[in-house]
Amino acid sequence: MPQLSLSVNARPVSADVEPRCLLSNLLREHLGLTGTHIGCDTSQCGACVVLVDGKAIKSCTMFAHQAEGCEVTTIEGLAGEGTLHPMQEAFRDHHALQCGFCTPGMIMASVALARDNPALDEAAVCKGLEGNLCRCTGYQNIIRAVLAGAKSMRGKHDV
Amino acid sequence: MEKYGIGQPVRRKEDVRFLTGKGVYIDDISRPNLVHAVILRSPHAHAKILKIDSSEAQTMPGVLAIVTGQDWEREDFAPIPTRSAVKTKISGAPLNQPPRHCLAIERARYVGEPVALIVAESSAQAQDAAESIEVDYEELEPVTDQVKALEPGAPQIWDDIEGNICLDFELGDKQATDKAFAAADHVVSLELRNNRVTAVPIETRGAIAEYDAASDSYLLHNATQNVHANRATFADVLKISPDKLHHVAPDVGGGFGAKNSGYPEPPLLLYAAKKLGRPVKWIADRNESFQGDTHGRDQASKVELALDSEGKFLALRTSTIGNLGAYCFTMGPFTPTAGSARTQGGPYDIPAMFYSAIAAFTNTMPLDPYRGAGRPEASFQIERVVELAARELGIDPVELRARNLMRADTLPRKTPMGLDVDTGDFPQLFERTLKMSDREGYAKRVQESRARGLRRGFAIAPYLECSGGMPKEFAGVTFASDGTITLSVGSQSTGMGHETSLPQILGARLGVDMDKIAYVQGDTDATPLGGGHGGSRGLEMGGSAVMTAANDIIAKARHIAAHMLNSTPDDISFANGAFTDVKTDQNIAMEDVIAASFEQGRLPSDMEPGCLDTGVTYERELITCPNGCHAAEVEVDPETGSINVERYWVVDDFGTIINPLLAEGQVMGGIAQGLGQALMENIVYDEESGQLVTGSLMDYALPRADSMPNMQLAFFEDAPTAKNPLGVKGAGEAGCCGAPPAIVNAVLDALKGDGVTHIEMPLTPEKVWRAIAGGKLSP
Ligand code: FES
Ligand code: FES
C-alpha cells in the first residue's frame, strides 16, 4: 500500500493506506480522530468538515492521498488540550448544539468562514453554512454563535 | 447556589465533550476482534423470494457468515412484537398484526426490507459479498398509497389480512356530533394529506453486539432512544431472558422518534455475535437510513367543522386513513388512531367531536412515531379547516379563532376527546403572540412586498398537544464519600441536554453544586427500568423522578440533621441547602449531612452509612398538555412560487421552565422540522413500481441555515400543571405542532387574491406556482 505523509493537528503523520481510502477514513479509522463525523454518503451533510491547508473541506470527498504534504486540522486540534477555541466557546454560550453530531463539522466550517470573511454578517453565515446540515437546533443559535465567535476571533487576532 | 437554580439558563455540561470531538457515538466505538455487518435489502416493493444463492459470496475474502430468511426461520426466533397502546379494533377483536421477522421470509414487502445479513472482517468485504449474492425474486404488484390499498381489487399484502386493514378506530360522541352537524348553519369541509416524512437524525443508526459465552449473556451498544423497551423487544425475539442482555446507548446523535423503534438489525447482530464469538458492528449508511428508518405522518383525512351563524364552533368530525407501511412497527398502529385523536380540536371550545380512522398496510417502509406522533396531524387538521371556514364565512381568521378559544375560567375541563386540560390561558397566549407580531406594521409590509412584486401573508396558529411515552420513570442517586454524587435516570437525552437539566433539578432541590453530580443514562444496568425518550417526557417523567428522589433524600437527611443538631425531625426545616432547627436557629448544610452519612458514629442508631442512596420510581397519572401559539409572516414570489418565511413568533406554555436555554432550543428545532415538513420534506414512493424515489439527501430536502426565519420566542409560565411535582408540561414536540399550520396558512393567506384555497404539503415552489396559475385560470 502506498505510503502517505502529512501533518495532522500540527503533528507529522505517515500511514500506509489504500488509494481508495478517504481522508475521513484516515482520520477516523487510522488515526483514531473520531471527532470528525460521517452523516451521509453523498457529500451533503458537512459533519465531516476539516481544515486542509486552512480551507474547509468535506473530508469524505477527498482521498487521503490527495492530502499528501498538507496540513490538516480536525476538531481535536482546533484548541490546546483543556481549552476552547473562541468559536467553540461561542457555540457553547449560544446553545448552538444539541446532539452534537453536526457540531465538529459546523465549527470547522465556521472557523474557516470567519477567517475568510472579515466582515461576516447573518446572510454570509447562512450562505457559508449551506453545506452543513443540523437537524436539532433550527440554526438560529448556530448563526448567532458564528457571528459571536467570529467577533471574538477578531479580538484575538485569529483571522 | 442560585446561578444553578431551576429556571436558570445554565450552559450545558455535555457541551465541552461535543465541542472538542470527544463525544462517543456508536461509530466511534471499536472492539478488539471486531467484525462488520452489512444488510442486503430488497430492491423490490413486493416480491416473492424464490431462491437466495450465496455460494459465491460465502467463499469471498473475509466473509464469515451469511444469514438469510430461511436460516432465520430455522432458528425459530420470534417475530418483533408491536407495543402499540391501541391493540384492538372497534369490534374489540385484536388488531391484525402480521409477523415481522428480522429478515424477510419467502416474500419481501417493501423496498429496503432486510433480506440477508452478511458479516465479514471488514465492511468493504461484507459489502462486496452482499453484491454477489444472487436473489431470485418474482415481482408482485405493489400498492404504496393507503387510500388505494383499501380499494377493492388492490394488491393484497398479507394473504390472511383481508383488505389490507390493520385496524379501525373511533373516539368521541358520534351521535352528538352528527346531530350538531345536522343543525349547523355552516359546514366547512376539507380533504387533506399529512405528507410522509422521516426524522433524518444526522447520526445514522448503528450498533455493536457482543456475546460472552462464559455467562451466556449479551452486550449491545446501540444508537437507540430507548434501551429498556428495546431490550425487552430484542429478548423476546431471541427468546432469552431480558437480564441476559445488557443494552447501552452511547452519545446518540439525534433521534426524534426514529431511534425509538424495535428494529430488526440489533437481534441479527446479537445472533451473529454469538454464532461467531466476535463483536459485530453495523452502521447504516444514509441511503440505507431513508429505506430502513421508520417514516412518520402520512395520513389522508377528511375534516369537517360545523359552525353557527355567529361563527361559533359546534362540532368537529375527522376521518383518517393512516398508512402503516408493510407491518405494524413498534408503535405504528397508535399514531393514526389514539395518537391523532386525543388532541383533536386543539385549544378550541368545541362541544361535540368524533374521530374515526382506519390504519392500512402498504408496500412501504413501516411508520412509527416521529416527533409529535399524531398531535402535529391533529393540529394541522383543525387549523386548516378553521382557516378555510374563515374564508368561506368571510370572517377575519384571527377573529374567528379568538372567538372560539377555550377560556381560562372554563379550566380544568375534559375535552370531548377525553383529554384533561388542567391549566393554561389560551386567549392570553393568543393576544401576546399577536402583540409580538406587530400587526400595526403589517399593512405597510404588505405594500413593501407588493412593490417588490411579492405577495405577503400572515397566519396565527394556536395549538394544544399532550405528552406521552412510558408512564413510569426511575431515578437513582448514590453518594460517594469523596463528595461526588451520581444520578442515574431511565429517561434519555439524544441531544436535549438531560446531562445538564436533570442534575440542575437535583442540585437546586438539594442545594448542592450541580457540577459535583455525575450523570448516567441509557444503560439497562444503571436503572432497573426506564422509559427512554419520546412523547416530550424528558422533564415531565425524568425530571419528576429526580424531584421525587430529591424529596426522599431530604426526608432521610432531615433525620440525620436532627440527630446532629440534637433536635427532632419535626423541628427541622430545609431551605437553600441547609437544615435549620426552628427552635434554636442552629443550622447545618446539606453537604455536611451528606459527609456525616458515611460515618456510623454521626448517624442515628436506626440509620446506616450509605443510607442516603435512593432509588425511586415515579408514575404519572395524567398526561400533560403543552400549548401555545405560533404566528408566521411569509413572502411568496408569484413568478417562481418560492416562499420565504420572513418572520416567526411563538409563545409557549410548557408550565415551569427549568432551563430556558434548553427549552428554546427544543422550540426552534421543532419549528425547523415543522417548516421542513410544510415546505420541502417529502418521502415519495413511485406508485407503479413501489420504488423509493427520495432515497438520499440529494432527493429529500432538509431545512438549511438560510431556510429559517428569525424566530422570536417567549414563555408563559403562569400556569404550571399540578399533574407532576415540577409543574412542567413538556417541550420537545410543540414546535412540530405549531409550525406547519402557521406556515401553510400564511402562504394561503398570501395567495388569497389568487383564489388558492388549498395546497398539499410540502409547499414546493412548483406546487405553489402551479396553484397560482390554476387559480388565475379558474372563473
Ligand atoms: S459525511 Fe456528509 S458531507 Fe461528508
Ligand atoms: S446538534 Fe444535532 S445535528 Fe446539529
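I will go through the domains of chain B and then one group of strands.

This is a predicted model, where local features need pLDDT of at least 70 and side-chain atom pairs count only at pLDDT 80 or more, while totals for chains, interfaces and linings use all residues. Residues are numbered from 1 along each chain as its sequence is written, chains are lettered from A and ligands numbered from 1 in the order in which they are written, and side-chain values use heavy atoms, without hydrogens and water.

Chain B has domain 1 (2–21 + 469–619), domain 2 (31–140 + 211–253 + 259–284) and domain 3 (295–468 + 623–777), with bounds from an automatic or database domain assignment.

Take domains 2 and 3 of chain B. Their C-alpha centres lie 37 Å apart. In contact, meaning heavy atoms within 4.5 Å, are 23 residues of domain 2 and 20 residues of domain 3. How many salt bridges cross this interface? The rule, a side-chain nitrogen of Lys or Arg within 4 Å of a carboxyl oxygen of Asp or Glu, finds zero.

Now the strands, which are DSSP runs of E, at least two residues, numbered from the N terminus; helices are runs of H or I, at least four. Two strands pair if DSSP finds at least two bridges between them. In chain B, E26 (residues 627–636) and E27 (residues 643–653) pair in the antiparallel sense over ten bridges. B:Asp652 of E27(B) is the bridge partner of B:Gly628. In E28(B), B:Asp652 has B:Phe715 as its bridge partner. E27(B) and E28(B) (residues 710–715) pair in the parallel sense, over six bridges.
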